[in-house]
Amino acid sequence: MSEKDKGFDVLKLVRDARDGSMDAWAKLTLNLTSSHEYQRLQGFFVKPVLLAIALVRKATDSTMSGVLGNLNMPSRDEVLGISQRLTHIEMALDDLAAGLDQLRRTASPSANRPQRPSGSSGRGSDVAGENRAPISAKEA
Amino acid sequence: MAENAMGMIEKLTTMVDNLVKVTTTEAPIGQTPRQAIWRLNKATLYRYTPVKPAEERHRTPLLLIFALMNKSSILDLRPGNSFVEHMVNKGYDLYLLDWGIPGPEDAHLDLGDYVLEYIPRAIRKMKQVSGSETFNLLGWCIGAMLSTLYASLRGHSEGLRSLILLTAPLDFTDKEQISLARMTDERYFDVDRVLQAFGNMPAGLIDYGAKMLKPVENFVGGYTRLLDNLDNPKVVESWHAMNTWVIDAIPLPGGAYRQFIVDFYRGNKLMNGTLSIRGEKVDLKELKASLLNVIAEDDHITPPCQSARLMEKVGSADKLELRVPGGHIGVMAGSGASKGTWPKVESWIAARSD
């Protein structure tokens with residue numbers, strides 16, 4: 001059936017009108033949001049909000065540190081510091097394991113084969129176990 | 001008449017079902033079988049399960065690195081539309097470095113951490129597992145920027161054979177062409193105040209900034225396309241998968257974000273030759289690996305002018321600029337990518353993988 005035989009299509013008319021108006025809006029908003037004036041205005045409104053958030057955050061952190069200190073518990077900064085230290089330990093262990101692996105390869109020529117991931121080498125940062133089942137991005 | 005009415009009701013029911021599904025559920029993305037072989041902090045190195053026997057596979061492993069502020073599952077969106085699946089089927093020993101989701105404890109992480117601590121260690125592990133002393137590296141978006149920095153600083157000494165960059169934001173000379181440069185101009189945007197307030201750059205703000213580059217298309221256009229095609233299962237499935245990925249953005253570590261804005265967007269230090277990472281000067285002439293620079297012609301996030309000048313700056317003897325139609329994401333994850341970008345990229349890598 002040709003386009004002509006289909007007759008008058010109201011939906012198509014509405015869609016065309018909508019698309020036309022969206023194109024016009026797209027051009028208009030693009031010009032607006034990419035202008036320096038818009039960025040200046042946005043910066044003007046965002047500045048006090050950011051300042052308020054920073055102040056609230058500082059006050060909350062200070063209050064929480066006081067409360068946690070009184071309860072003889074570690075503060076937020078201390079916990080964050082532990083996390084960073086653990087990462088450094090992870091790195092040191094990773095380097096150590098790589099060095100040991102290098103030594104093992106040098107000592108035993110038969111160990112020069114590529115290490116297949118299905119066999120665990122017992123290293124802290126190695127992750128053993130085959131994920132045969134689909135893995136979602138969330139799980140990753 | 002009654003048949004027509006029944007058909008209409010059935011179609012409407014399908015449309016409503018599809019609408020409910022895409023707005024209330026997450027599509028299964030990142031499904032190609034893989035195995036985590038190494039972890040450091042939040043980062044994980046995955047090896048995709050090969051489908052070809054070892055003797056039929058390419059000898060040189062390929063490592064994929066995606067951006068810091070979105071999940072790497074875009075490289076493996078859904079079966080039939082997955083770059084990862086495509087490359088595994090072509091016989092590559094494929095690895096992916098996933099950055100994970102940074103927490104408040106990671107706000108200090110900067111580009112030096114990623115380029116000089118995480119990437120070299122992941123590569124060391126990949127080389128150990130694959131048994132190959134050389135490797136190929138593919139970076140996309142900020143992943144391409146990190147890959148370029150790594151290739152310039154360590155690539156030559158650590159066995160980098162070839163580097164593939166996809167929509168790499170490296171050159172910030174022509175600020176009027178780069179919408180994000182206007183948005184992050186120091187006159188209007190106080191990066192330190194943002195980081196003082198949040199620690200890391202929140203995912204919502206990054207998403208908002210990206211969407212405001214094309215507000216009508218991003219806030220309305222996507223949904224009208226969905227509504228127009230609610231009775232088309234292929235379009236609905238594709239939209240659902242892409243939307244699942246888009247809305248699942250992740251924060252950017254504060255240290256890296258600050259460097260990105262100050263040293264790159266404002267200072268253009270990489271192209272000016274004044275960039276230092278942990279005191280080491282980044283000299284693009286030291287990037288000597290074979291280079292494929294893929295530029296998306298309709299990219300509004302990283303316009304072509306941000307990647308093109310790299311070609312004259314690097315020390316590579318074997319280099320190629322590839323311009324492909326498409327936008328920042330569509331170039332690799334769009335419906336036409338499997339017949340456009342992927343085969344071109346794959347054939348280039350194949351010649352440098354045995």
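Residues are numbered from 1 along each chain as its sequence is written, and chains are lettered from A and ligands numbered from 1 in the order in which they are written. As the model is predicted, local features need pLDDT of at least 70 and side-chain atom pairs count only at pLDDT 80 or more, while totals for chains, interfaces and linings use all residues.

**Confidence**

The predictor gives the complex an ipTM of 0.81 and a pTM of 0.88. In chain B the average pLDDT is 93, and 100% of the residues score at least 70. Here pLDDT is the predictor's confidence in each residue, from 0 to 100.

**Chain A**

Chain A has 3 helices and 0 strands, in the order α-α-α along the sequence. Helices (H or I, at least four residues) and strands (E, at least two) are DSSP runs, numbered from the N terminus. Of the 140 residues in chain A, 4% are buried. A residue is buried if 20 or more other C-beta atoms lie within 10 Å of its own, exposed if 12 or fewer, and partly exposed in between, with C-beta atoms placed from the backbone.

Chain A is assigned domain 1 (8–73) and domain 2 (74–111); such bounds come from an automatic or database domain assignment. Taken over C-alpha atoms, the centres of domain 1 of chain A and domain 2 of chain A are 41 Å apart.

Asn72(A) sits in the loop between α2 and α3 of chain A. Its phi is near 60°, a positive value in a residue other than glycine. Most residues other than glycine have a negative phi. Asn72(A) is exposed because 6 other C-beta atoms lie within 10 Å.

**Where the chains touch**

In all, 44 residues of chain A are in contact with 48 residues of chain B. Two residues are in contact if their C-beta atoms, placed from the backbone, lie within 7 Å. On the side of chain A that touches chain B, α1 (10–33), α2 (36–70) and α3 (76–107) of chain A each supply at least two residues. The most, 11 residues, come from α2(A). This side of chain A comprises 18 nonpolar, 14 polar and 12 charged residues. Ala, Val, Leu, Ile, Met, Phe, Trp, Tyr, Cys and Pro count as nonpolar, Asp, Glu, Lys and Arg as charged, and the others, Gly among them, as polar.

| Strands | Bridges | Direction |
|---|---|---|
| β1 (34–40) and β2(B) | 6 bridges | antiparallel |
| β2 (43–48) and β4(B) | 4 bridges | antiparallel |
| β3 (62–65) and β4(B) | 4 bridges | parallel |

In strand β4 (residues 94–98) of chain B, 5 of the 5 residues are buried, so β4(B) is largely enclosed by the rest of the structure. Leu94(B), Leu96(B) and Asp98(B) lie on one side of β4(B), with Tyr95(B) and Leu97(B) on the other. In a regular strand the side chains alternate between the two faces of the sheet.

Strand β2(B) is likewise largely enclosed by the rest of the structure, because 6 of its 6 residues are buried. Ala43(B), Leu45(B) and Arg47(B) point one way from β2(B), and Thr44(B), Tyr46(B) and Tyr48(B) the other way.

Arg47(B) stands opposite Tyr95(B) in β4(B), and Gln35(B) stands opposite Arg47(B) in β2(B). Leu97(B) in β4(B) is the bridge partner of Leu45(B), and Ile65(B) also stands opposite Leu97(B). The hairpin of β1(B) and β2(B) has 2 residues between the strands, and Asn41(B) there takes a positive phi near 50°.

Lys125(B) belongs to helix α3 (residues 111–130) of chain B. Lys125(B) counts as buried because it has 27 C-beta neighbours inside 10 Å. Lys125(B) and Leu45(B) are 80 residues apart in sequence but 8.5 Å apart in space, C-alpha to C-alpha. Apart from neighbours within four places in sequence, Lys125(B) is in contact with Ile37(B), Trp38(B) and Leu45(B).

The largest nonpolar core has 107 residues, and Leu63(B) and Leu146(B) have the most contacts inside it. The largest share of this core, 9 residues, is from α3(B). A nonpolar core is a set of buried Ala, Val, Leu, Ile, Met, Phe, Trp, Tyr and Cys residues joined through C-beta atoms within 7 Å. Leaving aside neighbours within four places in sequence, Leu146(B) has contacts that include Ile65(B), Leu111(B) and Tyr114(B).

Conventions. Pairing = 2+ DSSP bridges.
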